[in-house]
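These questions and answers are meant for a reader meeting this structure for the first time. Please look over the sequence and the model before reading on.

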Amino acid sequence: MPRAIWSGSISFGLVNIPVRLFTAVKRKTVRFNQIDSSTGARVRQKLVSAADGEEVPKERIVKGYALDDGDYVTVSEEEMTALDPDMARTIDIDEFIDLSDIDPIFYDNAYYLVPGDQASKPYKLLATAMEEAQKVGICHFVMRSKRYLAAVRPVEGRLLLSTMVYHDEIVDHGEIDGFDALADIEIDEREQAMAQQLIATLDSTFDPTRHSDTYREAVLELIERKAAGERSDDLMRAPAPSSDKVIDLMAALEASVNEAKKARKRHPAAGLETGRKAGRSKAAEQNESELSEPSERTA
């Protein structure tokens, strides 16, 4: 059973609700050790000094912040501890806002908030009130000597907490090369209409079970097959075709629309398409009618 990683209370106004925090996401990745290929033994790393190459004992190691000139400012554990935030065990809700007001770029890690002893009723009351108001609580709390910004949101009677990054941790898009070129790009009306038709064809609801980490699954399959004795030569797959060639955008859009339609017909839920099409806008239907005939290719 998962163990609580933090316990305290939700605080808003004069109300305090005891809660426990559980990790809501368990990352799955394939981890490797470093192995000496000649002996098969595991390779271990040592902490050595860059000055003389000698191994440095842990008791002599301190934190160092690199300055622009290459020097370091060292900071002791005692000095760091003195800066730790107040270890209050409360999740202080500062305001309630609409979920749509939060750009997903701010979300970090997700946790379940579970009611503590004798706290089920006030917990359910808060979750129900937030759900009916369709509001999210913006809060702050301290965990493991770090102050977090977070959002508490109701989901089917439960409360979930998502830690958030601070505004100055978001990379400004102006610092990224490549976006400036978009200002000079002009979009053809037929290309726009075809792109909208492709979006309408692929319109769906999110089902997380339809998605999986195919790379992790392939790595695990490779490990299992090698453990079973298969040769490396038999496990190598052909390289992916090059994507350097210039594509015919209109042709690619039309082919994508046709393939998406075929996939819809093959899908077990294809019978639901009748109802979906009935609710589509007249503009989408008109675009589909106009673009169904062969078009003039545009480079």
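**Barrel strands and an aromatic cluster**

F141 is buried, and Y148 is buried as well; the model that shows this is a predicted one.

Q: Which ring forms a stacked aromatic pair with F141?
A: Rings count as paired if their centres lie within 6.5 Å, and as stacked if their planes are under 30 degrees apart. One ring lies 5.6 Å from F141, centre to centre, with 25° between the planes, so the pair is stacked under these cut-offs. The partner of F141 in this pair is Y148.

Q: Is W6 buried or exposed?
A: A residue counts as buried under 20% relative accessible area and as exposed over 50%. The relative accessibility of W6 is 3%, and therefore W6 counts as buried.

Q: How many aromatic pairs are there by this rule, and what kind of pair do W6 and F141 form?
A: The count comes to 3 aromatic pairs. In the pair of W6 and F141, the ring centres are 5.5 Å apart and the planes stand at 70°, so this pair is edge-to-face. The pair links distant parts of the chain, with W6 in strand 1 and F141 in strand 7, 135 residues apart. Thus the count is 3, and the kind of pair is edge-to-face.

Q: Which residues do ring pairs link into a cluster?
A: F141 has an edge-to-face pair with W6, and a stacked pair with Y148. The cluster linked by these ring pairs holds W6, F141 and Y148.

Q: In what order do the 7 strands close into a barrel?
A: Strand 1 and strand 5 pair in the parallel sense over 3 bridges, whereas strand 6 and strand 9 run antiparallel and are joined by 5 bridges. Strand 8 and strand 9 also pair in the antiparallel sense, over 7 bridges. The pairing in the barrel is mixed, and the order of its strands is 1-2-6-9-8-7-5.

Q: Why is strand 9 largely enclosed by the rest of the structure?
A: Strand 9 covers residues 158-164, and its pairing places L160 opposite Y112 and M164 opposite L149. Strand 9 is largely enclosed because the number of its 7 residues that are buried is 6.

Q: Which residue in the turn between strand 8 and strand 9 has a positive phi?
A: Strand 8 and strand 9 form a hairpin, with 2 residues between them. The positive phi in this turn is about 50°, and the residue that has it is E156.

Methods. Residues numbered from 1 in each chain as written. Predicted model: local features only at pLDDT ≥ 70, side-chain atom pairs only at ≥ 80, totals over all residues. Heavy atoms only, no water. Buried < 20%, exposed > 50% of the residue type's maximum accessible area, 1.4 Å probe, protein only. Helix = DSSP H or I, 4+ residues; strand = E, 2+ residues; numbered from the N terminus. Pairing = 2+ DSSP bridges. Phe/Tyr/Trp six-rings, centres within 6.5 Å; stacked < 30°, edge-to-face > 60°.
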